[in-house]
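Reader: I have a two-chain model to look through. Please take me through it, starting with how the chains meet.

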Amino acid sequence: MRLTVLGGYLGSGKTTWLRHQLHEGQFRDALVVVNEAAGTPVDDALLGRASRLELLAGGCACCEAREALVALLRRIADERSRIDSRTARVDRIVLETSGLAEPGAIVEAIRTDPVLVYHIVVGEIVVTVDALHGLAELRGEPLGRRQIEVADRLIVTKTDEAESAATKRLLATLRGLNPGATISGAVRGSEVALPDCSDAAPERLPDVPSDAEKGPVFPTKLDVDGSVDWASFSVWLSALLHARGDDIVRVKGVVRTPAGRLLLQAVRKVMQSPEILPEQPDGEGRQDNRIVVIGRGYEPDDLRRSLDYFARAGKI
Amino acid sequence: MCASCGFPAAPGHWTDAGAADPAERLRNRFRRAQVLKSVLKAYGLTAHDGGQVPGIQIGTLSGSQAIARDLAEVWKVAEELCGRPVDPLDPRFTGVGAP
C-alpha cells in the first residue's frame, strides 16, 4: 500500500487541501486516516467524500498515539491481506497528521515496524505551509521547521490573503530550508500560481528557542453548553483572540446556535467565516458545542473560568 | 478558488454568525452590549449599543468615545482608549466569584 503523509503546522490548511483533492477525485480509492491531537474530532466531519475514513483522535501520532497508529495500520494491513488479490483492495492510504505531529517521526515509526514495513511504502510527504503565518512559525517554532525539512512536496496555502512580497520571502526561505521539495500554491485547495521568488531574499532565521523554554503547545477542550449563549461566547472568544492571539495557535469546534451548527476555526488572530454545517441525525452530533483551543502560556482551567465569567456577565 | 467542496459560510463578521433572523440579531446585540458593559467596566470603559444605528459605542469615564463596527474592532478600540489590551485571562476574570 502506498502511503501519503499529509502534515503541516496547526491551521496551515491540511484538511482544506485534502477536502478539495477528494472533491476533485484525487485519492478516490484511498483510505483516509485522520489524526487529531485533541480528543474531540472535527476534521472527519469535513472529509465526507473519502471512500473510507478512519479516525485517530486523542493524541498526536508521532508521540503519544504512535502505538495506536501502528496498531491501526496493522489492522488495515491485516484486513487487506485476508482479501483475495483479484478483488479491489485498499492500495493507497492518506494519513492526515495533527498539526503538532512530526511527519518524519511517523514515517520512521512505520519503517521500523516489523509488520508494516512489508505492507506500506511511504510514497510522499506533503506539508502545507500557511502564507499568512508561515514565516512567524518558522521564526519561532522548532516544530514548524522540522515539518518543512522532511517534506517531498510543500503546498503554500492562503496566498490570496498574504501580501505578494511576504509570500516571495516565505518561498525563498522554504527553498533554503528544503531545496529538494517541489513547491506549489493553493487557495482553498485549488492550485494557484506562485509569484516568482528568484529576486527575493530568504529570511535569516534566528536560532529557535526549544520547546522547553517556551513550553509546549497543548490542546484544551471547552464545553460551550446551554449556560453559554452565543453573545457572551463571541465576546469572550474575540477578546481572547485579540489579547492572546500570539499564544493561541488554533481554535476549532462546532457550536450550535439559533442560526445552525457553526464550524468555528481560528488560526492565531484570524478567524474564518464560520461554515454552516448540515444537521446530522441524532447521535452523530457528538462533537457539537465543544471547542478545542490549542496554545500555550496559560492555565487550561483559566479558559473555563474566564468563559464562565463572561457567560454570567451582565446577568445580575 | 473552489466554492463547491465546502459548506456555505455565514456572511458578515464571524461574531454575528450566531443569529439568523432580525429579531434574533437584535436580541444578540442587546445581550452582547450587556456582556461588554460588564466586562469593560473593570477597565474603566463603557459600552453602549442601542440597536438603532450600526456599531457599538465604547467610551471612557472621562468622556472620550469611539464607535466599533464589530467585536474585533471593540477590542482594538478598547486597547487604544485604556492603553492595554482587555485580557479575558486576567485574574479578575478567572478568579472565583460572580461579577
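Reader: How many residues does the contact take from chain A and from chain B?
Author: This is a predicted model. Two residues count as in contact when their C-beta atoms lie within 7 Å. On that basis the contact takes 41 residues from chain A and 37 residues from chain B.

Reader: Which element gives the most to the side of chain A that touches chain B?
Author: The elements giving two or more residues to that side are helix 1 (14-23), helix 9 (230-244), strand 13 (275-277) and helix 10 (300-312) of chain A. With twelve residues, the top contributor is helix 9 of chain A.

Reader: What share of the residues of chain A count as buried?
Author: A residue is buried if 20 or more other C-beta atoms lie within 10 Å of its own. Of the 316 residues of chain A, the share is 46%.

Reader: What distance separates the centres of domain 1 and domain 2 of chain A?
Author: Domain 1 covers 2-192 and domain 2 covers 217-312 of chain A. In the contact between them, 14 residues of domain 1 meet 16 residues of domain 2. Taken over C-alpha atoms, the centres of the two domains of chain A are separated by 25 Å.

Reader: Which strands stand at the edges of the open sheet in chain B?
Author: The sheet has three strands in the order 1-2-3, with antiparallel pairing. Each edge strand has a single partner strand, so one side of each is left without a neighbour in the sheet. They are strand 1 (45-48) and strand 3 (65-68) of chain B.

Reader: Which residue is the bridge partner of L45(B)?
Author: Strand 1 and strand 2 (residues 56-60) of chain B pair over four bridges. In strand 2 of chain B, the partner of L45(B) is T60(B).

Reader: At what angle does helix 1 of chain B run to strand 1 of chain B?
Author: Helix 1 (residues 22-41) of chain B lies across strand 1 and strand 2. Its angle to strand 1 of chain B is about 175 degrees.

Technical notes: Residues numbered from 1 in each chain as written. Chains lettered and ligands numbered in written order. Predicted model: local features only at pLDDT ≥ 70, side-chain atom pairs only at ≥ 80, totals over all residues. Buried ≥ 20, exposed ≤ 12 C-beta atoms within 10 Å, placed from the backbone. Domains from an automatic or database assignment. Pairing = 2+ DSSP bridges. Axes fitted to C-alpha atoms, helices over the stretch in contact; angles between N-to-C directions.
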